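Visitor: I would like a close look at a single part of this model. Please take it slowly and keep to what can be read from the coordinates.

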Amino acid sequence: IGNILTLAAFITGIFITPKTRWIMLIFTMLYQMSFAGTNQNTFNMMYGYVDDEYILSAMAVNNSVRGVFGFLASFAGSFILSEIQQSGNSLFGVNIHAQQVLCFISALLTASALIFNKKVVSSHKENKK
């Protein structure tokens, strides 16, 4: 449910403009609600698929990888943001705000993660203890 709420938030974010800034309330509510499911599911997946003796190591690796990819995503996002803003909020001649583009990219990545989880992660057997 967490990833579905995240996807819904990003899809909602695509439609936020200065004229429709009230949609930011819906985006924020959906995005914040998604954290409860996403954070708990991450822990449950580690607990279900990793032996007890390796859980702390798996959590450390998970947080390290998340940190590196979070930094890289922020770096790439700031580049996209500045490029679109420097071009007068247009992309390929279409008037668009950079935040809409970033929400679109985030929605695509979240949808890819949902498909990956369904096809790959769900097909693995849990480590029954």
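Which residues line the second largest pocket?

Guide: The model is predicted, with a chain average pLDDT of 86 and 95% of the residues scoring at least 70. The lining of the second largest pocket consists of G13, I16, T17, P18, R21, M24, F27, H97, Q99, Q100 and C103. Its volume is about 180 Å³. Sorted by class, that lining has five nonpolar, five polar and one charged residues. Two helices, α2 and α4, each contribute at least two residues to the lining of this pocket.

Two packed helices are described by the angle between their axes and the distance between the axes. For α3 and α4 the angle is about 145°, and the axes are 9 Å apart. The crossing of α3 past α4 is right-handed. On the α3 side the residues in contact are G77, I80, L81, I84 and Q85; on the α4 side they are A98, Q99, V101, L102 and I105. By class this contact has seven nonpolar, three polar and no charged residues. Q99 is therefore found in two places, since the contact definition of heavy atoms within 4.5 Å places Q99 among the α4 residues that meet α3, and Q99 is also one of the residues lining the second largest pocket.

Further along the chain, residues A107, T110, A111 and L114 touch L7, a residue of helix α1. That list leaves aside the neighbours of L7 within four places in sequence. L7 and L109 are 102 residues apart along the chain, yet their C-alpha atoms are separated by 9.0 Å. Of the elements of the chain, α1 has the highest mean pLDDT, 92, while strand β1 (residues 90-91) has the lowest, 78.

T110 leads on to the largest pocket, where N3, T38, R66, T110 and A113 lie nearest the centre. In total 41 residues line the largest pocket, and its volume is about 1700 Å³. The elements giving two or more residues to that lining are α1 (2-13), α2 (23-49), α3 (55-86) and α4 (98-121). Again α4 gives the most, here with 12 residues. By class the lining of the largest pocket has 22 nonpolar, 17 polar and two charged residues.

Methods
Residues numbered from 1 in each chain as written. Predicted model: local features only at pLDDT ≥ 70, side-chain atom pairs only at ≥ 80, totals over all residues. Heavy atoms only, no water. 1 Å grid on protein atoms, 1.4 Å probe; cavity = no way out; pocket = protein on both sides within 12 Å on 5 of 7 lines; lining within 4 Å. Points joined across faces, edges and corners; volume = space filled by probe spheres on them. Helix = DSSP H or I, 4+ residues; strand = E, 2+ residues; numbered from the N terminus. Nonpolar A, V, L, I, M, F, W, Y, C, P; charged D, E, K, R; others polar. Axes fitted to C-alpha atoms, helices over the stretch in contact; angles between N-to-C directions. Left-handed = near helix turned anticlockwise from the far one by under 90°. pLDDT = per-residue confidence, 0-100.
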